[in-house]
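Please keep the sequence and the model in view while reading.

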Amino acid sequence: MTRPIGSQDERTSFLRGSVLEPEVVRHRSAPAESIEPIPLVDLRMQHAAIADVIAAGWADVIDRSAFILGDEVPAFEQSFATFCGVRHCVGVGSGTDALEFVLRAVEIGPGDEVIVPTNSFVASASAVARTGATPVLADVDPSSLLIDPREVHERRTSKTKAVLAVHLFGQVAPMELLRQAVDDEVKLIEDAAQAHGARRNGVGAGSLGAAAATSFYPGKNLGAYGDAGAALTNDGEIARRVTMLRDHGSEIKYQHPDLGFNSRLDTLQAVVLSAKLRSLRTWNEQRREAAVRYTELLQGSDKIVPPAVLPGNEHVWHLYVVRVPQRDVVLERLHQAGIGAGIHYPTPIHLQGAFEYLGHRPGDFPVAEQASKEILSLPLYPGITVEQQERVVSELRKAVP
Ligand SMILES: *Cc1c(COP(=O)(O)O)cnc(C)c1O
């Protein structure tokens with residue numbers, strides 16, 4: 001059993017090597033040889049379905065030496081824009097770069113404030129900091145764990161330029177309430193890294209604000225074979241600016257009216273993303289079926305709280321996050337039983353060393369802090385079997401004190 005490539009855990013390092021190490025397996029009560037560990041994310045089935053298309057596509061790119069901004073890049077951008085229901089998609093090197101470029105493109109910089117939920121991947125806040133603006137953190141809704149519009153309303157100031165609506169775990173933040181929470185000139189920017197194909201009241205993630213950023217980190221619903229990301233917008237000027245930012249501030253070769261970066265979507269990654277995009281709806285549907293099955297299997301437990309879906313949301317289940325008492329004990333027991341559960345995220349952004357300069361202390365965001373001690377992400381990926389899910393839930397029930 002190989003470690004799943006690029007699972008969320010590679011980055012958060014929760015499971016790094018743990019569930020799959022022989023020592024751990026040996027400690028299980030059942031005979032080690034008879035039961036395969038169940039990883040948090042298993043990307044092998046997806047690869048098997050498209051391996052031939054990718055091999056042929058890559059051979060073609062290599063043949064043409066079209067590594068940088070080859071024709072496959074605009075072809076993918078066009079099809080992903082259509083998939084998301086927006087006019088423009090601009091492929092870049094990572095989701096974090098996409099966030100930074102989108103923020104810069106709406107002219108956010110030093111002296112500005114951007115409201116960001118404290119329960120997110122750190123990049124939601126670091127992208128803001130990288131523009132020179134100040135991330136103003138906000139607590140989350142206790143049931144959905146999405147950014148809380150009341151908190152946003154309380155934390156807005158005359159310097160607030162944008163709200164970063166993070167569509168966490170695969171469901172869209174309540175955009176219409178966020179809109180009401182701030183003045184009209186404040187921009188809503190979407191962090192749609194976990195929400196490929198998600199909808200709110202029928203409208204697609206990525207098309208609900210002034211602009212959106214998304215990530216194609218390998219473990220995301222639509223994942224590349226390395227780092228990749230994109231900006232999404234209906235605004236031609238924002239798209240033009242991101243296109244310049246990703247390519248040294250240039251539109252015409254060797255002319256650089258602005259400072260920029262080197263962060264283009266690789267042609268080889270565009271081949272992978274186009275191949276996977278064709279199956280994304282099917283794979284999202286498989287995630288949804290698996291999520292429904294987990295919720296059914298968890299019925300009758302008064303200690304395991306299943307995830308909440310906001311009314312109006314079509315969730316794409318990037319992560320299936322339950323809440324349990326004594327989470328760290330439960331997680332340890334699951335790992336010993338070969339179940340690759342994870343935590344998204346164990347430390348809220350306001351308690352990360354990188355954001356110490358914001359001056360927060362424990363207790364500042366009680367909802368996110370409490371959640372960070374209870375949340376547990378269960379294995380979920382297209383192709384997870386009923387038997388695997390039954391085993392996860394049976395081990396989870398045994399593990400909860
Ligand atoms: C993955 C992720 C990012 C960052 O994307 P990268 O491609 O890894 O830079 C940003 N925000 C959220 C919510 C994410 O899940």
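The sulfur of Cys89 has its closest cysteine sulfur in Cys84, 7.0 Å away, which is too far for a bond. A disulfide is a covalent bond between the sulfur atoms of two cysteines, and here the term is applied to a pair of cysteine sulfur atoms within 2.5 Å. By this rule the count comes to zero disulfides. Cys84, whose nearest cysteine sulfur is that of Cys89 at 7.0 Å, is accordingly in no disulfide.

The model is a predicted one, in which local features need pLDDT of at least 70 and side-chain atom pairs count only at pLDDT 80 or more, whereas totals for chains, interfaces and linings use all residues. Residues are numbered from 1 along each chain as its sequence is written, and side-chain values use heavy atoms, with hydrogens and water left out.

| Residue | Relative accessible area | Class |
|---|---|---|
| Cys84 | 8% | buried |
| Cys89 | 8% | buried |
| Trp58 | 27% | partly exposed |
| Tyr225 | 26% | partly exposed |

The structure holds 10 aromatic pairs, a pair being two rings of Phe, Tyr or Trp (its six-membered ring) with centres within 6.5 Å, called stacked if the planes are under 30 degrees apart, edge-to-face if over 60 and tilted for the rest. The rings of Trp58 and Tyr225 have their centres 6.2 Å apart and their planes at 85°, so this pair is edge-to-face. The pair links distant parts of the chain, 167 residues apart, with Trp58 in helix 3 (residues 44-64) and Tyr225 in the loop between strand 8 (211-215) and strand 9 (229-233). Ring pairs also link Phe76, Phe80, Phe83 and Phe216 into a cluster.

As for the chain overall, its secondary structure comes to 13 helices and 12 strands, where helices (H or I, at least four residues) and strands (E, at least two) are DSSP runs numbered from the N terminus. The radius of gyration, taken over C-alpha atoms, is 21 Å, close to the 21 Å that the globule rule (2.2 Å times the number of residues to the power 0.38) gives for 401 residues, so the chain is as compact as a globular protein of that length. Along its principal axes the C-alpha trace spans about 65 × 55 × 40 Å, and of the 401 residues 55% count as buried.

Notes
Buried means under 20% relative accessible area, exposed over 50%, partly exposed in between (1.4 Å probe, protein chains only).
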